[in-house]
Amino acid sequence: MEGTAAAPDGRPGLLNVVDVEATCWAGQPPPGAVSEIIEIGLPVVDLRARVRVGRHRLLVRPARSTVSAFCTELTGLTQAEAETGVSFAEACRALAREHDAGRRPWASWGDYDRRQFVRQCRATAVPCPFGHAPERTHTDAKAVFTAAYGLSRKPGMARALGLAGLPLEGRHHRGDDDAWNIAALVLDLAGRGAWPA
């Protein structure tokens, strides 16, 4: 990450924390289907005040796949619920418009979320909401946590919460709940002086 950018309202130190859920299957996807984002969780973290200042959720309607029974069991999201979402293009516009995604730094647990956005934006010719080089403003919170805690292996989010002495709030593998929990881990790291400036 290249530092903390100022928000449009002039407040410096705001960070978007992003977690996505995507269509998935117990094995290989059905013929012609691809994994697509169906939920985006996004809390905003004020790194200076050390608080979570916003909690947002976007449902995204899949266009090239459907929500499998396996995916519903994992995330709690159904095909009917996903169909009430916005298109992927509209979700990306909302991230840019409402969350200043093109200028504000962002973080996720691991690199999956960044790669999924890049892959899906390329496949659908939708401009990436995080700018032309999203890796320049992205921080892999899992890598930061692993280094800060001196671990030899990168932990999953639930294990990291346990190591940090934090509760798992909500349902694991639900985008808005996972993002909220990742934001708590970011604040833990910031409190330890381990979050990159």
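# Close-up views of the predicted model

**View 1. Helix 6 and helix 7 meet in a left-handed crossing (the near helix is turned anticlockwise from the far one by less than a right angle; clockwise would be right-handed).** This is a predicted model: local features need pLDDT of at least 70, side-chain atom pairs count only at pLDDT 80 or more, and totals for chains, interfaces and linings use all residues. Numbering runs from 1 along each chain as its sequence is written, while side-chain values use heavy atoms, with hydrogens and water left out. The axes of helix 6 and helix 7 come within 10 Å and cross at roughly 40 degrees (lines fitted to C-alpha atoms, for helices over the stretch in contact, with angles from 0 to 180 degrees between N-to-C directions). That angle makes helix 6 oblique to helix 7 (under 35 degrees is roughly parallel, over 145 roughly antiparallel, 65 to 115 roughly perpendicular, and the rest oblique). On the helix 6 side, the contact is made by Met-157, Ala-160, Leu-161 and Ala-164. Helix 7 answers with Asp-178, Asn-181, Ile-182, Leu-185 and Asp-188. Contact here means heavy atoms within 4.5 Å, and the helices (H or I, at least four residues) and strands (E, at least two) are DSSP runs, numbered from the N terminus.

**View 2. Leu-15, Trp-109, Leu-185, Val-186 and Trp-195 touch the most other members of the 21-residue largest nonpolar core.** Such a core is a set of buried Ala, Val, Leu, Ile, Met, Phe, Trp, Tyr and Cys residues joined through side-chain atoms within 4.5 Å. Two or more residues come from each of strand 1 (14-17), helix 5 (141-148), helix 6 (157-164) and helix 7 (175-191). Helix 7 gives the most, seven residues. Zoom in on Leu-185: leaving aside neighbours within four places in sequence, Leu-185 is in contact with Trp-109, Phe-145, Met-157, Ala-160, Leu-161, Ala-164 and Leu-166. Another core, of 20 residues, lies apart from this one and has Leu-42, Leu-58, Ala-94 and Cys-121 among its members.

**View 3. Helix 3 passes helix 4 in a left-handed crossing.** The axes of helix 3 (residues 88-99) and helix 4 come within 11 Å and cross at roughly 125 degrees. The two helices are therefore oblique to each other. Phe-88, Cys-92 and Leu-95 of helix 3 make the contact with Phe-117, Gln-120, Cys-121 and Thr-124 of helix 4.

**View 4. Phe-88, Trp-106, Phe-117 and Phe-130 are linked by ring pairs into a cluster.** Six aromatic pairs turn up by the rule used here (rings of Phe, Tyr and Trp, the last by its six-membered ring, with centres within 6.5 Å; planes under 30 degrees apart are stacked, over 60 edge-to-face, the rest tilted). The rings of Trp-106 and Phe-130 are stacked, because their centres sit 3.7 Å apart and their planes are at 10 degrees. Trp-106 lies in strand 5 (residues 106-108) and Phe-130 in the loop between helix 4 and strand 6, so this pair ties together parts 24 residues apart in sequence. Both Trp-106 and Phe-130 are buried (under 20% relative accessible area; over 50% is exposed and in between partly exposed, with a 1.4 Å probe and protein chains only). Phe-117 and Phe-130 form an edge-to-face pair, because their ring centres are 5.0 Å apart and their planes are at 85 degrees. Phe-117 belongs to helix 4, so its pairing with Phe-130 in the loop between helix 4 and strand 6 joins parts 13 residues apart in sequence. Phe-117 is buried too, as is Phe-130.

**View 5. Arg-50 and its positive phi: the value is near 60 degrees, in a residue other than glycine.** Look for Arg-50 in the loop between strand 3 (37-46) and strand 4 (51-59). Arg-50 is partly exposed, at 44% relative accessible area.

**View 6. Ala-125 is not a glycine, yet has a positive phi of about 60 degrees.** Ala-125 sits in the loop between helix 4 (112-124) and strand 6 (138-140). Its relative accessibility is 70%, so Ala-125 counts as exposed.

**View 7. Val-44 is a strand 3 residue.** With a relative accessible area of 7%, Val-44 is buried. Beyond its neighbours within four places in sequence, Val-44 is in contact with Leu-14, Leu-15, Asn-16, Val-51, Arg-52, Val-53, Gly-54, His-56 and Arg-104.

**View 8. Leu-163 is a helix 6 residue.** At 37% relative accessibility, Leu-163 is partly exposed. Setting aside neighbours within four places in sequence, Leu-163 is in contact with Phe-145, Tyr-149 and Leu-151.
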